[in-house]
Protein chains: 2
Amino acid sequence: MTSSDPETDAGPGPDFPDAEGRGAAGPGANLPALRGHNAALVLGLLRSAGEEGVSRLELAAHTGLTPQAVSKITARLRAEGLAAEAGRRASTGGKPRTVLRLVPGARHAIGLHLDRDELTAVLADLAGDAVAERRAPLAFEAAAAQVLATVEREVAALRAEAGGPPVVGAGVACPGPLDHTAGVLHRVTGAPQWDGFPLRDALAERLGLPVVLDKDTNAAALGLAQRPPDGAGSFAYLHLGTGLGAGLVLGGGLHRGPRTGAGEFGHQILQLDGPRCGCGQHGCVEALCLAAVARGDLPGAARVLGVAAANLVELLDIDRVLLGGRTVLENPDGFLTGVADVLAAQARTRGRTGTAVPVSLAVGGARAVADGAAQLVLAPLFGPGNPGLAARGHRPGAG
Amino acid sequence: MTSSDPETDAGPGPDFPDAEGRGAAGPGANLPALRGHNAALVLGLLRSAGEEGVSRLELAAHTGLTPQAVSKITARLRAEGLAAEAGRRASTGGKPRTVLRLVPGARHAIGLHLDRDELTAVLADLAGDAVAERRAPLAFEAAAAQVLATVEREVAALRAEAGGPPVVGAGVACPGPLDHTAGVLHRVTGAPQWDGFPLRDALAERLGLPVVLDKDTNAAALGLAQRPPDGAGSFAYLHLGTGLGAGLVLGGGLHRGPRTGAGEFGHQILQLDGPRCGCGQHGCVEALCLAAVARGDLPGAARVLGVAAANLVELLDIDRVLLGGRTVLENPDGFLTGVADVLAAQARTRGRTGTAVPVSLAVGGARAVADGAAQLVLAPLFGPGNPGLAARGHRPGAG
DNA sequence: TGCGCTTTGGCAACAGCGTTGCGAAAGTGG
DNA sequence: CCACTTTCGCAACGCTGTTGCCAAAGCGCA
């Protein structure tokens, strides 16, 4: 569990299947854990409130805690500089409520997007807004040492540029496949030397920061989850670029799967005995969709994507579908209406006329993945229901 | 929220999108909650240990709590009759460890399976084992009052039969669609009078017990999750009877979706422009699969099911696929090998030779759904990661 | 202007949680 | 028989959110 403890678990007695299988038997909670839980909960509500702020009593009502407890918690948060009083609400007959707000600049987080040919690095504040950004060409196929050096240089430049508040960690988003639990890359197509490379720990050591590693689509989905289009508790982010992938947010949390394999959306088979796909199977969405794009049949491509999205909606009962990626952005309206049409037709066959799952374009543009990567380390600060992983490497709570 | 508190939430200030959208902002935790959390955690480990038992120090190691804390917690559990000492382990040089075991008979739970033509009711102990069972014909299409009366009568007979320990609640499994959050049925095909009926609250009042309502496939999946074939943190239960449905257990928890709509597996489209399905779409798995069965093409049916399962494995990164349902059980080997073949082929195309996701038959037989229904109320007793819903209606902790 | 009323929010005392310190109990091995 | 190891509970402790109480701050009516 801790940094220097292999946890051999070789003691006598039964072997608990849940030791690693599922949520690792959920850690037992003590008072510090309880304190952290509530503090994170309050921080999460402060973030949701944004500029508008929240009063102590509203926090109490939403957390279920006593007003007194909220007072104590917010006092600690203010002492740490994470929250501040900001004006007061109109009175409702008595003393007016004091409005509390998150102080976004109190901490920073680094988001890194390692793409095949480019590195995007952002420094984000607690609200998730980027306060600085850098881009650099990157040869992802090159030697690992060179990539690490580039990252280290850019991060140093970023921190020098914006300086100031403590940095809580760095989130790293890569093309898959990889293992977010171990922080290790797997066989990235076209870059065999990365197979098995412990990127998370290597970067944690070089940066002197806690690091979290995840797939690029997962990071993008996590970033989108922080800016709910209208309150997205469950949604799917479908990314159609040179390939097709997905990030799944279920019940407010990112679903990664035990091997970080979830969201492999491109090779869903949509046409039994369909055309052969590069992956060796037949009738994959990705192959069907990209083939349609290649021959200029955009409505056809959108329809294929829509059917796959409809399958996903049906299977997982999600609230919303978000589209992104280069190919989508070349013709956003075409894809949006095409997918929406399929989902509307699906809703009709289910007797839910007028309540089709909405489709929209993922906001954020080219920086979406890097912004989401920063959320990999920011999200855990804002409480449960907020996904993310306990960052590994160096001391947590750095700074 | 509570029975006598409308909680209008009409105060000034921002409207939190997470108030209901996602995990309801996660409740704030106080000391009783902490105590309950840890007690449930320990109970869960005791259940996992089964007959073999666990020592206090092993519990401490697995929870991360201090041995002293475990001693206090287990002392409380023993005082409540939920746990007991049962022998001791061999010494490793000092005082031998005392083995603790769950006392399964300390509490009971009722599991109800309301099928179209039959009611199955079980009384299960804490280990999930049925101590009593009753079956009765049921006209699910009949008037609600008649169905409720039948349920009440059977439950009373069941409790009279096995008597004894307090009953913690009743889990009710129905064919969908329904809303497990509100405990309300939706338009069940062939039984329009149930649409909008608050079955959970009606039963809670008549039985005088907390009641949890869920779909039959979800209950079955939950039941299977308690008896891990080898430690299933994530799996899909595919039920092929007169229709095709699924129950999804992701990361140890049942994934229901915000509208209890998850697991609608039958109408995944697998063949664009395929044969028309009764649902109005084309190329649904259910239609393809059942058509193959009807014409005696079992390998074909198994292959179709296998492809759909492979899509699911790919999308969600699950550990295991379990098959059940009348149609499968008529030819288990055929379906098992057929599905396994497709998954093996998929694993090969992904370069994971020899590590295909295993397929097996869901155990439990005709009583599986009723057993799982009991788990709807039992699972929450055993800690987080254990899904289930806070039962509504009457006092929780009844008895 | 003055007073009562309502609402907010902090100080102090409190009950209860897991933790720490220490000693009794119960074995093994020389 | 004694030294040693390991298990496990009692007692004191620090820290959590809670409760009781009171000051502060505004509204509204006389």
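**Contacts with DNA strand D and arrangement of the chains**

In the predicted model, a backbone N or O atom of B:Thr98 lies 2.6 Å from a phosphate oxygen of DNA strand D. A polar contact here is a pair of N or O atoms within 3.5 Å. From chain A, a polar side-chain atom of A:Asn38 lies 3.2 Å from a phosphate oxygen of DNA strand D.

DNA strand D is surrounded by 31 residues, counted as near if one of their heavy atoms lies within 4 Å. The closest are A:Arg35, B:Gln68, B:Ser71, B:Arg97 and B:Thr98. This surface has nine nonpolar, twelve polar and ten charged residues. Asp, Glu, Lys and Arg count as charged; Ala, Val, Leu, Ile, Met, Phe, Trp, Tyr, Cys and Pro count as nonpolar; the others, Gly among them, count as polar. H3(A) gives the largest share, five residues. Helices are DSSP runs (H or I) of at least four residues, numbered from the N terminus. Of the DNA strand D atoms within 4 Å of the protein, 63% belong to sugar or phosphate.

Chain A superposes on chain B by a rotation of 180° with 0.0 Å of shift along its axis (RMSD 0.1 Å). The superposition is by least squares on C-alpha atoms of residues with pLDDT of at least 70 in both. The two copies are thus related as by a two-fold rotation axis.

Residues are numbered from 1 along each chain as its sequence is written, chains are lettered from A and ligands numbered from 1 in the order written, and side-chain values use heavy atoms, without hydrogens and water. Local features need pLDDT of at least 70 and side-chain atom pairs pLDDT 80 or more, whereas totals for chains, interfaces and linings use all residues.

Methods:
Polar contact = N/O pair within 3.5 Å; in protein donor to acceptor, adjacent residues only side chain to side chain. Helix = DSSP H or I, 4+ residues; strand = E, 2+ residues; numbered from the N terminus.
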